[in-house]
Amino acid sequence: MTDSAQSLRIRWQEALVAARGGEGPDPLPYADNLLARWAEPQRAYHTTAHLAAVLDRIDTLAGHAADADAVRLAAWFHDAVYRPDRSENEERSAVLAERALPEAGVPDAVTAEVARLVRLTVTHDPAAGDANGEVLCDADLAILAAAPKEYGEYAAQVREEYGFVPDEAFREGRAAVLRQLLGLPRLFRTPYGAAEWEPRARQNLLTELELLTGA
């Protein structure tokens, strides 16, 4: 097992034990099942590296969350089911959480919150005052604020995942996504995200859109 995988197993164990607040089954088989999902061959961006990055960003934003451990568990599940050619990934990921977490000893209320957060990643549009949703969505979108080289690698990985889509159709679809993001009043809802990530993210999105469309 790699050091990064072992580190992720420990992070899962810590979040699960904190969330369930009592005794329960061994957390590590659940971690291994999830890590196997995150390592599936159809993934280029939505990999264990993305999971680790989202968890790192949740740590940065944890003070804003109402229940940081629920947000961490939601990060583990938010792309646990991922097929680029399907549209129901978030729903299937949420259902997986609803099945696995009670078995792992997590209380029903926390399980429901994790599943709600996973479903929120369909839109990345948390309601005002939804602190947990703001943290998860900001952490998931923080790649948009990466340095130009890292952002370029992210864009290339997204294209790889959609390799079955012809170039013209991909350009049209991706440009629509970029325009939708640029049209949002705010990409990031936490104070930290708004201050630290918003300007660079908008510049990265504009640059990618220009490269796609020649505008």
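The questions and answers below concern a predicted model.

User: Which helix supplies the largest share of the lining of the largest pocket?

Analyst: The largest pocket has a volume of about 950 Å³, and of the 32 residues that line it, the closest to its centre are H46, H124, Y162, R174 and V177. At least two residues of the lining come from each of helix 5 (89–103), helix 7 (131–141), helix 8 (148–161) and helix 9 (167–182). The largest share of the lining, eight residues, is supplied by helix 9.

User: How do the residues of that lining divide into nonpolar, polar and charged?

Analyst: The lining of the largest pocket includes R174 among the residues closest to the centre, and Arg is counted as charged. Over the whole lining of the largest pocket, the division is 17 nonpolar, ten polar and five charged.

User: Is R174 buried or exposed?

Analyst: R174 is placed in helix 9 and, leaving aside its neighbours within four places in sequence, is in contact with Y151, Y154, V158, E208 and L212. The cut-off for the term is a relative accessible area under 20%. Because the relative accessibility of R174 is 10%, this residue counts as buried.

User: What kind of aromatic pair do Y45 and Y154 form?

Analyst: A search of the whole structure finds eight aromatic pairs, and in the pair of Y45 and Y154 the centres are 4.9 Å apart with 70 degrees between the planes. This pair links distant parts of the chain, since Y45 is in the loop between helix 2 (28–38) and helix 3 (48–61) whereas Y154 is in helix 8, 109 residues apart. Y45 is buried at a relative accessible area of 9%, and Y154 also counts as buried, at 9% relative accessibility. With planes over 60 degrees apart as the criterion, the pair of Y45 and Y154 is edge-to-face.

User: How are the rings of Y151 and Y154 arranged?

Analyst: Y151 and Y154 are three residues apart in helix 8, so about one helical turn separates them, and both are buried. Their ring centres lie 5.3 Å apart and their planes meet at 65 degrees, and therefore the arrangement of this pair is edge-to-face.

User: Over which ring does the charged end of R159 sit?

Analyst: For a charge to sit over a ring, CZ of Arg has to be within 6 Å of the ring centre. R43 lies over the face of W38, at 5.3 Å from the ring centre. The charged end of R159 is 4.4 Å from the centre of the ring over which it sits, that of F170.

User: What is the relative accessibility of L16?

Analyst: L16 is found in helix 1, and its contacts, leaving aside neighbours within four places in sequence, are P27, L73, L101, A104 and V106. L16 counts as buried because its relative accessibility is 0%.

Key:
Residues are numbered from 1 along each chain as its sequence is written. This is a predicted model: local features need pLDDT of at least 70, side-chain atom pairs count only at pLDDT 80 or more; totals for chains, interfaces and linings use all residues. Side-chain values use heavy atoms; hydrogens and water are left out. On a 1 Å grid over the protein atoms alone, a cavity is a set of points where a 1.4 Å probe fits but cannot get out, and a pocket is an open set with protein on both sides within 12 Å along at least five of seven lines; lining residues have an atom within 4 Å of a point. Grid points are joined across faces, edges and corners, and a volume is the space filled by probe spheres set on the points. Helices (H or I, at least four residues) and strands (E, at least two) are DSSP runs, numbered from the N terminus. Rings of Phe, Tyr and Trp (its six-membered ring) pair if their centres lie within 6.5 Å; planes under 30 degrees apart count as stacked, over 60 as edge-to-face and the rest as tilted. Buried means under 20% relative accessible area, exposed over 50%, partly exposed in between (1.4 Å probe, protein chains only). A charge sits over a ring if NZ of Lys or CZ of Arg is within 6 Å of the ring centre and within 35 degrees of the ring normal. Contact means heavy atoms within 4.5 Å.
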